Amino acid sequence: MDISDIAKKLGLSQSKHVIGKAGELRRLSEIQFDCSAIGIGEICKAVICLEIAAARFEVPFERQNAIKLSGMSEKAYNRSFNAMQNGLGVKNKLDVRELAIQFGCVRLIPLVQKGFSLYRDRFLKSLPASRRASADFSRPVFTAVAFYLCAKKHKLKVDKLRLIEVCGTSESEFSNVSTSMKDLCHDVFGIEKEKKDPRTVKGNRDLLDVLPEKRASEDGGYLSDDGNMSSYKKRKIHEKHDYEDWKSAVMKSNGHGKAKVPDKRTKQAKLDFLKEVPETHKVEAI
């Protein structure tokens with residue numbers, strides 16, 4: 001199907017500049033990588049190129065109609081969209097206000113902006129002067145992580161997987177940025193009890209490496225610098241020990257209750273049906 005026909009079905013027939021840009025992106029994708037190898041058909045590829053072009057020129061785009069036209073599920077379409085966007089090297093702009101409206105957390109807007117600004121300043125201070133100019137905070141993953149951490153602090157439910165799809169990143173990159181923000185901006189995101197010196201945070205110079213030695217799991221199980229476990233993990237360990245003690249006591253009491261009783265076998269009486277009858281003496285008649 002021609003890209004102009006697809007644009008017509010999506011209500012973009014009058015946007016000639018969008019159609020032209022989408023055609024350019026489509027040709028570029030054929031050079032950069034093989035879309036069929038990652039499960040993206042020709043129609044879906046054209047629809048995604050139109051969406052990227054529409055976002056570039058800030059033209060309204062009906063994504064739900066696009067998903068239906070692509071013949072894919074919403075999850076598969078989002079995955080294909082992110083793959084093509086990364087393959088083409090297109091940066092997606094993510095606005096905090098649009099994100100807050102989309103997830104129904106409008107009151108978080110000033111908190112997210114403050115937290116992101118503070119993180120950027122502290123992160124830059126932790127880098128050598130020669131590398132500060134090359135630091136790039138324009139990627140949507142930074143805005144998305146700041147939004148997610150603020151929502152988590154204020155106990156607002158935000159679908160993490162959906163947020164990852166919206167910002168067009170991977171789960172590993174999202175986790176890396178999240179770890180760095182928690183380490184540097186505890187006073188905004190409320191993750192740690194003690195403030196850290198940005199220069200001592202591992203991974204800043206390699207752009208936010210995960211610290212597996214400090215994180216047993218994402219929620220709970222955090223180990224502090226002095227090696228002490230969280231109260232949650234301590235409680236779980238105590239509960240496990242109590243259970244083992246109780247189990248041992250029960251097994252021990254069951255063992256005493258089942259003391260061995262001497263085995264007394266009853267002897268079966270022997271029936272002798274061949275027992276001889278005493279001879280009767282013959283009495284002779286006189």
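**Figure 1. Lysine 155, out in the open.** Lysine 155 is exposed, with a relative accessible area of 77%. In this predicted model, lysine 155 belongs to the loop between α9 and α10 (160-167). Take a look at its backbone too: phi of lysine 155 is near 55 degrees, a positive value in a residue other than glycine. For background, most residues other than glycine have a negative phi.

**Figure 2. The whole chain, for orientation.** Before we zoom in again, here is the overall layout: the chain has 13 helices and zero strands. How much of the chain is made up of buried residues? They account for 36% of the 286 residues. As for contacts between residues at least 6 apart in sequence, 67% of them join residues at least 24 apart.

**Figure 3. Helix α9 meets helix α11.** This view shows helix α9 (residues 140-153) packing against helix α11 (residues 171-184), with 9 Å between their axes and an angle of about 60 degrees. The two helices are therefore oblique to each other, and the crossing of α9 and α11 is right-handed. On the α9 side, the contact is made by Val141, Phe142, Ala144, Val145, Ala146, Tyr148 and Leu149. From α11 come Glu173, Phe174, Val177, Ser178, Met181 and Lys182. Sort the residues in this contact of α9 with α11 by class and you get 10 nonpolar, one polar and two charged.

**Figure 4. Helix α9 again, now with helix α6.** Here the partner is helix α6 (residues 96-103), whose axis comes within 11 Å of the α9 axis and crosses it at roughly 45 degrees. That angle makes α6 oblique to α9. Which hand does the crossing of α6 and α9 have? It is right-handed. Val96, Leu99, Ala100 and Phe103 of α6 touch Thr143, Ala144 and Phe147 of α9. By class, this contact of α6 with α9 has six nonpolar residues, one polar residue and no charged ones. Ala144 is a handy landmark: it is among the α9 residues that contact α6, and it is also among those that contact α11.

**Figure 5. A salt bridge between arginine 139 and glutamate 173.** Side chains of opposite charge can pair when their charged atoms come close. In this view, arginine 139 and glutamate 173 meet in a salt bridge, at 2.2 Å from N to O. The pair links distant parts of the chain, 34 residues apart: arginine 139 is in the loop between α8 (129-132) and α9, while glutamate 173 is in helix α11. Arginine 139 counts as partly exposed, at 24% relative accessibility, and glutamate 173 also counts as partly exposed, at 22%.

**Figure 6. Lysine 21 and the residues around it.** Now we move to helix α2, which is where lysine 21 lies. Is lysine 21 buried or exposed? It is buried, with a relative accessible area of 18%, which puts it under the 20% cut-off. Lysine 21 pairs with glutamate 24 in a salt bridge, their closest N and O atoms being 3.5 Å apart. Why are lysine 21 and glutamate 24 separated by about one helical turn? Because they are three residues apart in helix α2 (residues 16-32). Glutamate 24, at 43% relative accessibility, counts as partly exposed. Leaving out neighbours within four places in sequence, lysine 21 is in contact with Ala53, Arg56 and Phe57.

**Figure 7. A salt-bridge network that includes lysine 45.** What links Arg26, Glu30, Glu42 and Lys45? They are joined in a network of salt bridges. Focus on one pair, lysine 45 and glutamate 30, whose side chains meet in a salt bridge (3.8 Å, N to O). Lysine 45 lies in helix α3 (residues 42-56) and glutamate 30 in helix α2, so this pair ties together parts that are 15 residues apart in sequence. Lysine 45 is buried, with a relative accessible area of 3%. To put these close-ups in context, the count comes to seven salt bridges.

Methods:
Residues numbered from 1 in each chain as written. Predicted model: local features only at pLDDT ≥ 70, side-chain atom pairs only at ≥ 80, totals over all residues. Heavy atoms only, no water. Axes fitted to C-alpha atoms, helices over the stretch in contact; angles between N-to-C directions. Helix = DSSP H or I, 4+ residues; strand = E, 2+ residues; numbered from the N terminus. Parallel < 35°, antiparallel > 145°, perpendicular 65-115°, else oblique. Left-handed = near helix turned anticlockwise from the far one by under 90°. Contact = heavy atoms within 4.5 Å. Nonpolar A, V, L, I, M, F, W, Y, C, P; charged D, E, K, R; others polar. Salt bridge = Lys/Arg side-chain N within 4 Å of Asp/Glu carboxyl O. Buried < 20%, exposed > 50% of the residue type's maximum accessible area, 1.4 Å probe, protein only.
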